[in-house]
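Please look over the model below before reading on.

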Amino acid sequence: MIFMIEVNGQKEYFGDLHIHSRFSRACSKDLTVDSLEKWARIKGLDLLGTGDFTHEKWLAELKEKLTEKNGILETKNEFKFILTGEVSLMYTQGHGRRVHLLLLAPSFEAVAKINSWLDTKGRRDYDGRPIFKISCEDFVAKMQTIDKDIEVIPAHIWTPFFGVLGSKSGFDSLKEAFGSQINNIHAIETGISSTPEMNLKLKELQTKTIVSFSDSHSFWPFRIGREATIFKSVDSYKEILREIRENDIIGTIEVNPAYGMYHYDGHRDCGFSCSVEETKKLNKICPKCNKELTVGVDYRVNELNDSKEKFESKKVYEILPLHELIAAARASSLASKKVWEEYNKLIQEFGNELNILLVVSKEKLLKFADEKTVMLIMRNREGKIDVKAGYDGVYGEMLLSEKQEKLF
């Protein structure tokens with residue numbers, strides 16, 4: 001049974017529009033339409049992006065499994081998808097650039113036109129996220145000529161290697177990246193390592209809709225929907241597009257940005273990480289190998305910060321996935337049998353993960369879970385769980401310090 005999530009009388013529709021299929025590199029081979037629907041429902045999502053519409057085998061599966069109406073694709077059980085994909089643009093503009101862009105498309109017809117044009121620029125068959133030597137500006141301009149309802153969203157904009165504002169190959173502004181097409185960029189994706197509050201430190205981003213999605217490479221509930229955008233309605237592609245273009249979304253689900261694998265600066269191979277202040281003292285040089293550090297999101301945001309005023313974000317739920325909490329309470333791994341047993345018991349009783357994380361009362365939870373797990377869920381809901389910051393491709397880790405233990 002799936003329980004509706006409603007806050008203060010308003011239905012909140014949770015959408016994760018940046019995911020991948022089994023045809024993308026480093027993705028689960030069990031990613032199918034059926035598995036995505038199953039686990040999206042368990043997570044509590046109302047809408048998924050299809051991901052990877054540029055890959056012909058995945059596209060054929062989507063056409064076979066989904067029925068299109070008003071730009072929304074539905075399964076036989078009426079779960080909703082919209083057509084999405086991601087491209088990697090690698091080109092030279094001043095120096096080497098590598099930028100990932102998320103695409104939303106209104107129809108299979110529009111997708112056919114996109115793919116037909118991409119075929120004139122390179123191959124699509126080798127990966128669900130293909131690479132093209134096209135500039136950001138030229139790419140957006142072409143999407144506009146194909147169909148004005150195609151939406152291009154810079155993906156995980158701060159990640160060092162593939163974010164449009166990343167430290168390794170990005171730009172110092174959206175304007176620099178998109179040039180004459182800047183007004184056709186209506187939204188940006190935060191990525192796991194940043195939050196809306198961090199993004200709003202830049203004046204340029206204060207005029208954009210800030211969305212969050214998981215960029216999930218598997219269907220597991222500790223990946224899919226770990227970040228999501230909250231919509232007012234998901235009944236049509238036009239409505240979803242309107243909310244994005246008019247900055248009329250309700251808000252986002254975020255993880256603690258320290259959980260992201262590029263929040264802090266550091267070197268994975270050296271086992272070294274540090275904060276913005278330490279990186280400045282080190283002049284960005286790793287003290288263990290004397291090579292340049294991989295500068296993360298926190299440093300980069302502060303480097304480009306040009307707004308003295310605090311700009312209020314939309315509603316934000318900052319939460320870690322339920323699996324993380326249960327595993328921490330048991331000092332166990334995410335995949336352990338005991339963690340899955342506890343997770344499944346709670347889902348069976350309360351319907352879906354987001355309902356448990358955001359809505360179900362402490363008193364009700366205590367009837368079905370141990371006190372430590374429930375206290376972690378409550379702390380999670382209040383944004384009071386500390387995380388050791390991730391860096392250079394290493395995820396952050398939840399901290400259950402002695403000080404925090406006493407709060408239980």
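1. Two strands pair if DSSP finds at least two bridges between them. Strand E7 and strand E9 (residues 131–132) meet that with 2 bridges, and they run parallel. Serine 88 is the residue opposite isoleucine 131 in E9. Bear in mind that this is a predicted model.

2. Strand E7 covers residues 80–93. How many of its 14 residues are buried? The count is 11, so the strand is mostly covered, buried being under 20% relative accessible area.

3. E7 also pairs with strand E4 (residues 47–49). The two run parallel, joined by 3 bridges. Here glycine 49 faces isoleucine 82 in E7.

4. Strand E6 (residues 72–74) is another partner of E7, antiparallel, with 2 bridges. Glutamate 74 has lysine 80 in E7 as its bridge partner. The hairpin of E6 and E7 has 5 residues between the strands. In that hairpin, glutamate 78 takes a positive phi near 70°.

5. Strand E8 (residues 95–105) is joined to E7 by 11 bridges, and the pair is antiparallel. Glutamate 86 finds its bridge partner in E8 at leucine 102. Which residue in the turn of the E7 and E8 hairpin has a positive phi? Glycine 94 does, at about 85°. This hairpin leaves 1 residue between its strands.

6. A further set of strands involves E14 (residues 251–254). Strand E13 (residues 228–231) pairs with E14 in the antiparallel sense over 3 bridges. Alanine 228 has isoleucine 253 in E14 as its bridge partner. E14 is also joined to strand E17 (residues 315–318), this time parallel and by 4 bridges.

7. Now the cores. The largest nonpolar core holds 103 residues. Which residues touch the most other members? They are Phe139 and Phe178. Leaving out residues up to four places away in sequence, phenylalanine 178 touches Leu101, Cys136, Glu137, Val140, Pro154, Val164 and Ile185. Another core, of 17 residues, lies apart from it; Ala187, Val211, Phe213 and Ile249 are among its residues.

8. Helix H10 (residues 322–329) packs with helix H11 (residues 337–350). Their axes are 9 Å apart, at an angle of about 130°. Angles of 65 to 115 degrees count as roughly perpendicular and those over 145 as roughly antiparallel. H10 and H11 are therefore oblique to each other. The crossing of H10 past H11 is right-handed. From H10, Leu322, His323, Ile326 and Ala327 make the contacts. They meet Val339, Trp340, Glu342, Tyr343 and Leu346 in H11.

9. Two backbone angles deserve a look. Most residues other than glycine have a negative phi. Aspartate 52 is not a glycine, yet its phi is positive, about 55°. The residue sits in the loop between E4 and helix H2 (56–65). Is aspartate 52 buried or exposed? Its relative accessibility is 0%, so aspartate 52 counts as buried.

10. Asparagine 283, also not a glycine, has a positive phi of about 55°. Where does asparagine 283 lie? Its place is the loop between helix H8 (276–281) and helix H9 (297–304). Asparagine 283 counts as exposed because its relative accessibility is 61%, and the cut-off for exposed is over 50%.

Technical notes: Residues are numbered from 1 along each chain as its sequence is written. This is a predicted model: local features need pLDDT of at least 70, side-chain atom pairs count only at pLDDT 80 or more; totals for chains, interfaces and linings use all residues. Side-chain values use heavy atoms; hydrogens and water are left out. Buried means under 20% relative accessible area, exposed over 50%, partly exposed in between (1.4 Å probe, protein chains only). A nonpolar core is a set of buried Ala, Val, Leu, Ile, Met, Phe, Trp, Tyr and Cys residues joined through side-chain atoms within 4.5 Å. Contact means heavy atoms within 4.5 Å. Axes are lines fitted to C-alpha atoms, for helices over the stretch in contact, and angles run from 0 to 180 degrees between N-to-C directions. Angles under 35 degrees count as roughly parallel, over 145 as roughly antiparallel, 65 to 115 as roughly perpendicular and the rest as oblique. A crossing is left-handed if the near helix is turned anticlockwise from the far one by less than a right angle, and right-handed if clockwise.
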